[in-house]
Structure formats: C-alpha cells, structure tokens
Amino acid sequence: MIAFLASAAANPPPSESTQQAVGYPSLFLLVSLGALVPVVPTGAIVSSAAVVAFHQTDPFALLGVFCVAAFAALLGDVGLYLLGLRGVRSRGGSRWLRRLQDRVDEHTLDTAQRRLDEHGAAVLVLSRLLPGGRIPVMVACLMSEMPLRRFVRGDVAACLAWAATYQLIGILGGSLFPEPWQGVALAVALTFTIASAPAVLKRLRHS
C-alpha cells in the first residue's frame with residue numbers, strides 16, 4: 001500500500017476518482033488487517049494516504065481517508081477482541097488469545113490493568129495513540145472480561161483519535177513539500193520513528 005501510494009504520488013493517474021476507487025478499498029483492507037494482525041504499519045499507511053489526499057483537488061478526499069481509516073481500525077479491533085473474548089470464555093483458551101498474551105510481558109500487562117481499573121474504557125484512547133500500547137490494554141480488557149458493548153464505546157473514540165493523529169502527520173508531510181512523494185517519504189519516516197521510539201528508549205534505559 002505504501003509503495004502504491006508513493007507510486008501514485010510520483011506518477012498521478014489520469015483520474016482522481018480512479019485513484020480513490022483503488023486507494024480507499026486498499027486502505028480499508030490493510031488497516032483492518034493491521035488491527036487483526038499487528039504487524040502491518042497501519043499508521044504509516046494512513047499518513048501516506050493522507051499525503052496523497054492532501055494533494056488532490058477533491059475537497060472531501062481527506063475526509064474519505066479519515067472515515068475509512070477509523071472505520072477499518074474499529075472493525076479490526078472489534079474482530080480481534082471478539083476472537084480474544086471467545087478464548088477467555090473457552091476452557092481451552094484459543095490461539096488468538098495466546099498470541100495476544102505472548103506479545104505482552106507481565107510488567108506491561110500489570111500497568112495496563114492498573115490504568116484500566118483507574119480510568120475504565122477511556123484508557124483505550126491513550127493505548128491507541130501510544131506505540132505498542134493497544135495490545136496490552138486489549139489483553140487487560142479481555143482478562144477483566146469487559147463487555148463487548150463497553151469495549152466498542154471506548155474504542156470508537158480511540159480509533160477516531162488515532163486516525164486523526166496519523167492523518168495530521170500526513171497533512172504535515174504533504175504541506176511541507178511540493179511533490180506528493182516527498183510528503184509520503186517524510187510521513188513514513190515520522191511514523192516509523194514514532195513507532196520505534198519506545199524500543200529505543202527502553203534500550204537506552206537498560207544500557
């Protein structure tokens with residue numbers, strides 16, 4: 001998706017409607033997949049899509065990116081939570097739940113559970129914005145067997161805030177350069193820097 005957006009930015013197709021017809025479904029599929037399988041760089045994808053939309057003449061292009069990204073993130077989160085909740089309620093657990101638990105160390109999970117106890121579903125907003133924060137809080141919600149309806153209420157705000165944040169990064173990249181591909185490159189660099197910051201800080205503390 002990032003390669004497609006960069007190519008589209010460098011060599012704009014004849015019709016913006018054609019670009020959107022391909023870009024929006026791709027954005028939806030990759031963001032929802034990235035929410036289910038947390039290896040896809042969804043933040044970079046949203047920021048790159050926002051750069052391309054920023055340079056289009058369609059005044060609703062950015063709104064389209066925002067809505068598609070937020071909705072896809074919400075669907076992916078809800079799908080993952082349902083799979084995890086099924087494992088919590090099953091005697092033998094589930095593969096999805098074990099995979100989620102394997103991604104979270106005990107200290108991080110304890111911190112997430114404490115924040116969940118203190119702030120309730122509102123902590124989902126912060127967890128979506130902090131790199132690496134989504135899965136620990138989701139596992140904490142699963143362990144406390146938070147009802148799906150309550151999880152969805154908190155996650156709606158979280159996904160809206162997340163989509164807005166990464167879209168703003170894309171708008172920043174798009175506004176700083178005359179060529180869209182340059183904005184895409186900056187947006188991708190910024191999102192990967194943000195994503196890697198916690199790991200770098202952790203290594204520095206232990207060095």
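What you're looking at is a predicted model, and its protein chain has 10 helices and 0 strands.

**The chain overall**
- Follow the sequence along and the pattern reads α-α-α-α-α-α-α-α-α-α.
- The protein chain has 207 residues, and 41% of them count as buried.
- Take the contacts in the protein chain with a separation of 6 or more: 77% of them come from residues 24 or more positions apart.

**How H3 and H4 cross**
- Helix H3 covers residues 42-54 and helix H4 covers residues 61-88.
- Their axes come within 8 Å and cross at roughly 160°.
- Since angles over 145 degrees count as roughly antiparallel, H3 and H4 are therefore roughly antiparallel to each other.
- As for handedness, the crossing of H3 and H4 is right-handed.

**Who touches whom**
- On the H3 side, the contact is made by Val46, Ala49, Ala50, Ala53 and Phe54.
- On the H4 side, Ala61, Leu62, Val65 and Ala69 make the contact.
- Sorted by class, the contact of H3 with H4 has 9 nonpolar residues, with no polar and no charged ones.

Definitions and conventions
Residues are numbered from 1 along each chain as its sequence is written. This is a predicted model: local features need pLDDT of at least 70, side-chain atom pairs count only at pLDDT 80 or more; totals for chains, interfaces and linings use all residues. Side-chain values use heavy atoms; hydrogens and water are left out. Helices (H or I, at least four residues) and strands (E, at least two) are DSSP runs, numbered from the N terminus. Buried means under 20% relative accessible area, exposed over 50%, partly exposed in between (1.4 Å probe, protein chains only). Contact means heavy atoms within 4.5 Å. Axes are lines fitted to C-alpha atoms, for helices over the stretch in contact, and angles run from 0 to 180 degrees between N-to-C directions. Angles under 35 degrees count as roughly parallel, over 145 as roughly antiparallel, 65 to 115 as roughly perpendicular and the rest as oblique. A crossing is left-handed if the near helix is turned anticlockwise from the far one by less than a right angle, and right-handed if clockwise. Ala, Val, Leu, Ile, Met, Phe, Trp, Tyr, Cys and Pro count as nonpolar, Asp, Glu, Lys and Arg as charged, and the others, Gly among them, as polar.
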